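Subject: The model you asked about

Hello,

Here is the structure, ready for you to open. My notes follow below it.

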Amino acid sequence: MGEAMPRHAAITRSRNGFVRRLALASLFGAASAMVVLPGIAAAADPSAAPDASAETRPSADPTPTPTPEPTPTSDVRLAPEQTSVPESTPAPEVTPAPDPTPVAADPTPSPEPTPPPTVTAPPVASASMNLFTPTGFRFQDPNYAACTATSVRSMLNFVSVRGTGGPGFLWRRTNAGAVRDSILAWERRHDTLTGGRGSDPHGWRNALNYYGWGPTTLVAGARVYDDRSYGSFAGAMRAAIRALVSTGKPVGIVGWRGAHAQMITGYYGLVGDPFARDAAGRFTNAFSVAGFYLTDPLRKSNAVNRRISYTSLRTTMNYRLRFQRYYETDSRLDDVYTPGFRVAKAEWYKQFVLVLPIR
């Protein structure tokens, strides 16, 4: 609060204060103009530097917060094992994509895949069949020792007439007696008998192959016909039916307990499938047959293309027509066309013997 001043002194001081305020106002206006004008210039010139005061203005936080590096904008993809890209890594070169189907200049051939095995459908067996043809048959008479040779001639005639000989078939149909006798003479030189006047299953088999398809079919593995032995009547008859169906060729049976040659040219009354197999690949044998067509080359047997029932062929008291086990013992030699050594009679003794087409 204090002592009061004189009036003129207060006026002077007021005047002096006004002058100072005016001067200060002028200075403030000039300064304002200086502050505003650079802003206007900067707005007019987009390339002007930013406000320097913003760069030099101290931060309120004395410890600066590190700014994270910007995310790279280059299209660089990290491999799975990479976790970062060095700052100095140059941008990768763009490699053109390879041809999707390149062809080597000298390609190494790949082995050809093994084709799957060919599965052959089993033959379809009809309810009956008969291969007998009258023009292909003549009796063995008057040569009563020529049952096997006459059967060779007739069987090859049936094959020729039916056209089932296949590749390499040589035979031309004939009923000449000279041909019958020539076949018997050849059999005698190529069987396993030590004597006698006729021949045996090996001579019969060999003559069928030689006269039908040539000398190369005499040996095991190349034969068209072969002699086979079976422990039962049923087993032999099942094999005969399958051979008839699958080859279209007649079957020879050794009758009269091994002393005579006869032929089966067909069957009748078949029920079931002879070629059906189980899961293990074995024949099920779930079929039956009513009977067969039997031909005997000897006239007095009275059996030319004769129907004979399955039961009669097995059990009839007419022994000329009954198929029985083999009991001949005069084939004591080894079969030279089959590997190994074995006395021939041992192959057939007490067995049911067929001369069977196998292909």
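**What I found**

Tyr 349 counts as partly exposed, at 37% relative accessibility (buried means under 20% relative accessible area, exposed over 50%, partly exposed in between, with a 1.4 Å probe and protein chains only). Tyr 327 is also partly exposed, with a relative accessible area of 31%.

Before going further, a word on the source. This is a predicted model, where local features need pLDDT of at least 70 and side-chain atom pairs count only at pLDDT 80 or more, while totals for chains, interfaces and linings use all residues. Residues are numbered from 1 along each chain as its sequence is written, and side-chain values use heavy atoms, with hydrogens and water left out.

**Confidence**

The chain averages a pLDDT of 80, and 67% of the residues score at least 70 (pLDDT is the predictor's confidence in each residue, from 0 to 100). Over residues 2-19 the pLDDT is below 50, and this stretch has 2 contacts in the model beyond near neighbours in sequence (contact means heavy atoms within 4.5 Å). Residues 22-68 also have a pLDDT below 50, with 3 contacts beyond near neighbours in sequence.

**The chain as a whole**

You will find 8 helices and 9 strands; these are DSSP runs numbered from the N terminus (helices are H or I, at least four residues; strands are E, at least two). Of the 359 residues, 35% count as buried. Among contacts between residues at least 6 apart in sequence, 65% join residues at least 24 apart.

**Rings and charges**

Back to the two tyrosines. The structure holds 16 aromatic pairs (rings of Phe, Tyr and Trp, the last by its six-membered ring, pair if their centres lie within 6.5 Å; planes under 30 degrees apart count as stacked, over 60 as edge-to-face and the rest as tilted). Tyr 327 and Tyr 349 make an edge-to-face pair, 5.7 Å centre to centre with 85° between the planes. Tyr 327 is in the loop between helix 7 (310-315) and helix 8 (345-348), and Tyr 349 is in the loop between helix 8 and strand 9 (352-357), so their pair ties together parts that are 22 residues apart in sequence. Elsewhere, ring pairs link Phe 233, Phe 292, Tyr 310, Phe 323 and Phe 352 into a cluster.

**Helices 3 and 4**

Helix 3 (residues 147-162) is mostly covered, with 13 of its 16 residues buried. After helix 3 comes Gly 163, whose phi is positive, near 70°. Arg 180, in helix 4 (residues 177-189), is buried, with a relative accessible area of 8%. The residues that Arg 180 touches, not counting those up to four places away in sequence, include Ala 149, Thr 150 and Arg 153.

**One glycine to look at**

Gly 272 lies in strand 5 (residues 271-272) and is partly exposed, with a relative accessible area of 43%. Gly 272 touches Ala 286 and Phe 287, leaving out residues up to four places away in sequence.

Best wishes
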